[in-house]
Amino acid sequence: METDKKTPSNIVRQYQRYLKLQRGYSANTLDAYIRDLLKLINYVEEEHKDLLSVQLSDLQHFAASLHDIGIHPRSQCRILSGIRSFFRFLELEGYRDDDPSELLESPVLGDHLPEVLSTAEVDMLENAIDLSKWEGRRNRAIIEVLFSCGLRVSELVSLHLSDLYLEERYVRVVGKGSKERLVPISPRAVKELGYWFMDRNVMKIKPGEEDYVFLNRRGAHLTRTMILLMIKQTAVDAGIQKTISPHTLRHSFATALLEGGADLRAIQAMLGHESIGTTEIYTHIDMTTLREQILNHHPRNMAKNRPQQPL
């Protein structure tokens with residue numbers, strides 16, 4: 001019975017009762033708290049961890065995953081606030097002796113534009129990968145597909161072989177709300193996938209995992225956290241000082257398209273944004289770049305930096 005009491009479903013029911021009776025939350029607020037908590041529970045289950053044994057590092061990886069799947073910073077703050085409330089409840093009710101969320105930081109809010117990488121910096125990332133290692137070709141293919149297709153990391157980990165139409169040069173992507181879209185794929189990404197498939201074809205793959213494009217060395221599909229950690233480590237190896245994540249490659253894809261003259265509606269379709277307003281963030285990035293170019297290269301500005309001629 002004690003074990004049953006500690007199942008996630010029972011803990012959620014106890015927490016729900018606590019929020020309703022002791023905190024006096026309305027039905028709508030209650031639903032929001034539980035929805036956000038279920039995001040953590042699903043993440044913990046995906047990582048094969050025990051909810052009552054979660055540590056600060058697990059919560060930090062969960063917080064990073066919220067960013068990587070494109071959740072707005074304000075929504076991230078709300079979710080993490082609810083997570084802190086949940087762990088305070090666990091400590092209060094004796095489920096845990098500590099609160100691992102005490103030092104969990106929320107994202108800084110503001111109008112900061114997302115980091116982007118130039119094509120040269122993406123090349124630096126790929127060139128920093130050690131191809132003598134088992135996962136080398138796989139990791140290069142992951143980075144190139146993220147950059148050339150603009151996928152969310154959640155879309156990448158769920159990508160199937162049956163979603164690839166490489167001769168036709170496009171992939172089928174299942175995005176938020178199970179909505180499908182077709183995204184062109186570059187010849188460079190097709191080539192990197194071909195190299196990875198040569199390694200993948202000699203692997204022992206777990207039953208049920210055969211259709212996943214990207215696998216770990218045990219033959220199972222990757223998780224978002226695995227890809228996040230790989231990209232962060234690769235950035236360190238490449239000497240890139242920017243704080244980047246898988247989502248940075250998606251931002252870089254969109255920014256490169258806009259700078260190349262692509263229509264905003266076309267970018268919206270390729271990214272799978274429901275609202276054009278979400279896509280318009282990239283016009284701000286492009287205007288920032290344009291402003292820097294003008295300040296650095298406009299003749300009026302350059303004249304200020306030229307040495308004065310003697311009279």
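Axes are lines fitted to C-alpha atoms, for helices over the stretch in contact, and angles between them run from 0 to 180 degrees between N-to-C directions.

**Figure 1. Helices H2 and H5 in contact in the predicted model.** Helix H2 covers residues 8–21 and helix H5 covers residues 73–92. Their axes are 11 Å apart, and the two helices pack at an angle of about 100°. Angles of 65 to 115 degrees count as roughly perpendicular, so H2 is roughly perpendicular to H5. From H2, the contact includes Ile11, Gln14, Tyr15, Tyr18 and Leu19. These meet Gly82, Ser85, Phe86, Phe89, Leu90 and Leu92 of H5. Sorted by class, the residues of this contact are eight nonpolar and three polar, with no charged residue.

**Figure 2. The crossing of helices H3 and H4.** Helix H3 (residues 27–46) packs against helix H4 (residues 56–68) at an angle of about 110°. The axes of the two helices lie 11 Å apart. H3 is therefore roughly perpendicular to H4. The crossing of the pair is right-handed. H3 contributes Lys39, Leu40 and Tyr43 to the contact, while H4 contributes Asp58, Leu59, His61, Phe62 and Ser65. The contact of H3 with H4 has four nonpolar residues, two polar residues and two charged residues.

**Figure 3. His48 in the loop between H3 and H4.** Most residues other than glycine have a negative phi. The phi of His48, which is not a glycine, is positive, near 60°. Is His48 buried or exposed? With a relative accessibility of 76%, His48 counts as exposed.

**Figure 4. Arg169 in the loop between strands S1 and S2.** Strand S1 spans residues 164–165 and strand S2 spans residues 170–174. Arg169 is another residue with a positive phi that is not a glycine, and its value is about 65°. The relative accessible area of Arg169 is 37%, and this residue is partly exposed.

**Figure 5. The buried face of helix H6.** Helix H6 runs through residues 119–127, and its buried residues are Glu121, Val122, Leu125 and Glu126. Why do they line one face of the helix? Seen down the axis of H6, the buried residues fall within an arc of 145°, so they line one face. An α-helix has 3.6 residues a turn, so residues three or four places apart point the same way.

**Figure 6. Surroundings of Leu159.** Leu159 sits in the loop between helix H8 (153–157) and S1. Leu159 has a relative accessible area of 4% and is buried. Which residues does Leu159 touch, not counting residues up to four places away in sequence? They are Leu151, Leu164, Arg172, Asp211, Tyr212 and Val213. Asp211 is 52 residues from Leu159 along the chain, yet the C-alpha atoms of the two are separated by 8.4 Å.

**Figure 7. The whole protein, for orientation.** The protein has 15 helices and three strands. Of its 311 residues, 42% count as buried. Considering contacts between residues at least 6 apart in sequence, 57% join residues at least 24 apart.

How values were computed. Residues are numbered from 1 along each chain as its sequence is written. This is a predicted model: local features need pLDDT of at least 70, side-chain atom pairs count only at pLDDT 80 or more; totals for chains, interfaces and linings use all residues. Side-chain values use heavy atoms; hydrogens and water are left out. Buried means under 20% relative accessible area, exposed over 50%, partly exposed in between (1.4 Å probe, protein chains only). Helices (H or I, at least four residues) and strands (E, at least two) are DSSP runs, numbered from the N terminus. The arc is that of the directions from the helix axis to the C-beta atoms. Angles under 35 degrees count as roughly parallel, over 145 as roughly antiparallel, 65 to 115 as roughly perpendicular and the rest as oblique. A crossing is left-handed if the near helix is turned anticlockwise from the far one by less than a right angle, and right-handed if clockwise. Contact means heavy atoms within 4.5 Å. Ala, Val, Leu, Ile, Met, Phe, Trp, Tyr, Cys and Pro count as nonpolar, Asp, Glu, Lys and Arg as charged, and the others, Gly among them, as polar.
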